[in-house]
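Trainee: I would like to learn how to read a few features of a model like this one. Could we work through them one at a time?

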Amino acid sequence: MSFRRVFLTMRRIMQQLRHDPRTIALLLVVPSALVGLLAWSLVNRPGNFDALGPRLLGVFSLTVMFLVTSVTTLRERTNGTLERLLTMPLAKAELILGYAGAFGVVAIVQSALVSTLSYSWYGLAHQGIPWRISAVALCAGLLGTAFGLALSALAKTEFQAVQFMPAFILPQLLLCGLMVPVAQLPTGMRNVADVLPMTAAVHAITPAQTTSYYAEQFAVMVAYIVVALIAGSTTLRRRTK
Amino acid sequence: MTALALEVSQLRVVRQHHEILKSLSFDVAPGELVGLLGPSGSGKSTLMRSLLGVQSITSGTALALGEKVGTPALRRRIGYMAQSSAIYLDLTVRENLAYFAGILGADNSQVEHTLDVVKLRAFAGRLVTSLSGGERARVSLAVALLGAPPLLILDEPTVGLDPVLRQDLWRTFAQLVAEGTTVLVSSHVMDEAARCGRLLLLREGHLLFDDAPAQLLTRTRSSGYDDAFVKLIESPS
């Protein structure tokens with residue numbers, strides 16, 4: 001494995017984004033505006049934004065990064081550049097890590113912007129530590145990227161890729177504890193909810209828990225990221241049947 | 001003894017129960033310019049992809065530059081241009097070349113050199129989306145030329161290009177061959193195929209013809225290449 005090629009791939013993806021200012025704006029403005037809207041809608045219910053805002057941050061990062069990554073990698077699969085790269089000395093892991101790195105940077109910028117706005121302007125008074133919120137947003141962003149990479153293999157067109165979003169994100173949104181606390185779900189559902197990546201992202205934000213509880217949630221997210229990245233790299237075939 | 005550029009023996013490719021290539025055998029010596037012809041669906045692209053190691057081979061053997069196709073060492077020694085342009089539309093021409101050059105381990109002077117070879121220097125800073133089809137094809141060719149690979153596999157590089165541009169590209173191929181590069185190029189424009197030193201003609205996965213272009217005229221008693229092509233394709237097998 002060559003870190004130079006990982007870096008080159010990361011830089012190439014960032015360059016592609018740079019030539020697409022509208023996408024950058026959507027990546028940064030949409031989550032910020034959504035959290036702002038949420039804060040505003042809860043203005044007459046003191047304390048509610050403090051509980052909901054940080055949790056939604058992870059959900060937004062995961063969703064946005066999932067969409068962006070699945071469409072970008074699908075494009076790479078369909079326009080022939082993936083085949084060309086695989087006829088060159090680029091390891092599959094180098095390509096995958098390049099993607100994770102580039103979109104990881106985007107996730108960091110996105111979460112930093114949203115949490116800064118939340119604390120300074122939207123009046124967030126969360127007991128959690130700001131860096132933990134940023135770490136969760138970063139992990140959630142990487143989760144989105146990793147799953148986007150893996151699931152893009154199942155889509156043949158960008159139209160299909162976009163439709164994986166509701167199929168992948170909405171069930172998790174229902175079960176992650178935002179609608180109904182996970183503990184109050186029917187047993188079978190709770191068992192599923194407990195092992196979903198989005199649940200870990202939401203739990204990791206919950207205030208006033210033990211350090212080992214937080215460590216466990218982060219471990220779950222990192223494990224999902226690694227597994228999805230490995231699954232993603234197995235979907236890249238150097239040789240077709 | 002220098003290794004042959006290509007050594008293909010009884011190559012068969014079966015894809016989804018269809019036999020695409022039926023026991024092909026041929027050799028290509030270093031420095032040859034070989035034209036690969038055939039109607040669409042005859043297996044040209046599959047053959048090219050097999051030689052690159054991205055299409056799995058059902059049986060038979062294929063060696064490129066003396067090594068089994070698909071071996072990692074070959075990945076910087078074969079330049080490939082696919083039918084789709086296979087470049088990033090949302091990058092500039094130079095960014096595209098710089099990225100692929102970096103992956104190949106070729107230095108930056110290679111980027112500048114290939115820009116000159118395909119005459120794209122004036123477009124270097126432009127985004128590929130803003131380029132015409134012909135200009136995109138030249139960017140794709142430039143990527144294939146990075147690192148000066150000894151073997152080039154070009155799948156329909158001139159399709160959809162105007163006659164002036166086609167002329168230019170064929171001059172480029174001739175020059176590369178004069179410098180010792182082996183070029184396998186597919187086309188379905190017969191007149192330009194006649195510029196090759198040798199023609200391979202595929203029909204339904206069989207090799208129908210493997211000889212100098214002039215022999216094609218003699219064998220089919222035709223005066224023009226288009227006519228010869230049609231006669232050969234329609235001849236009973």
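Trainee: Is A:Pro89 buried, exposed or partly exposed?

Mentor: This is a predicted model, and burial is judged here by counting neighbours: 20 or more other C-beta atoms within 10 Å make a residue buried, and 12 or fewer make it exposed. A:Pro89 has 17 C-beta neighbours inside 10 Å, so the residue counts as partly exposed.

Trainee: Where is A:Pro89 in chain A?

Mentor: A:Pro89 sits in the loop between α4 (81-86) and α5 (92-120) of chain A.

Trainee: Which residues is A:Pro89 in contact with, leaving aside neighbours within four places in sequence?

Mentor: The list is B:Pro72, B:Arg75, B:Arg76, B:Ile103 and B:Leu104.

Trainee: How many residues does each chain bring to the contact?

Mentor: Chain A brings 22 residues and chain B brings 25 residues. On the side of chain B that touches chain A, helix α2 (residues 93-104) of chain B gives the most, with five residues. By class, that side of chain B has 13 nonpolar, seven polar and five charged residues.

Trainee: How should I describe a pair of packed helices?

Mentor: Two numbers are used for such a pair: the angle between the axes and the distance between the axes. For helix α6 (residues 130-151) and helix α10 (residues 211-234) of chain A, the axes come within 8 Å and cross at roughly 25°. Angles under 35 degrees count as roughly parallel, so α6(A) and α10(A) are roughly parallel to each other. The crossing of α6(A) past α10(A) is left-handed.

Trainee: Which residues in α6(A) and α10(A) meet?

Mentor: From α6(A) they include A:Leu142, A:Ala146 and A:Phe147, and from α10(A) they include A:Phe218, A:Val222 and A:Ile225. The contact of these two helices has 15 nonpolar, one polar and no charged residues.

Trainee: What confidence does the predictor give?

Mentor: For the complex, the ipTM is 0.89 and the pTM is 0.90. Chain B has an average pLDDT of 91, and 99% of its residues score at least 70. Within chain B, confidence is highest in α2(B), at a mean of 97, and lowest in helix α6 (residues 190-193), at 78.

Methods:
Residues numbered from 1 in each chain as written. Chains lettered and ligands numbered in written order. Predicted model: local features only at pLDDT ≥ 70, side-chain atom pairs only at ≥ 80, totals over all residues. Contact = placed C-beta atoms within 7 Å. Helix = DSSP H or I, 4+ residues; strand = E, 2+ residues; numbered from the N terminus. Nonpolar A, V, L, I, M, F, W, Y, C, P; charged D, E, K, R; others polar. pLDDT = per-residue confidence, 0-100. Axes fitted to C-alpha atoms, helices over the stretch in contact; angles between N-to-C directions. Parallel < 35°, antiparallel > 145°, perpendicular 65-115°, else oblique. Left-handed = near helix turned anticlockwise from the far one by under 90°.
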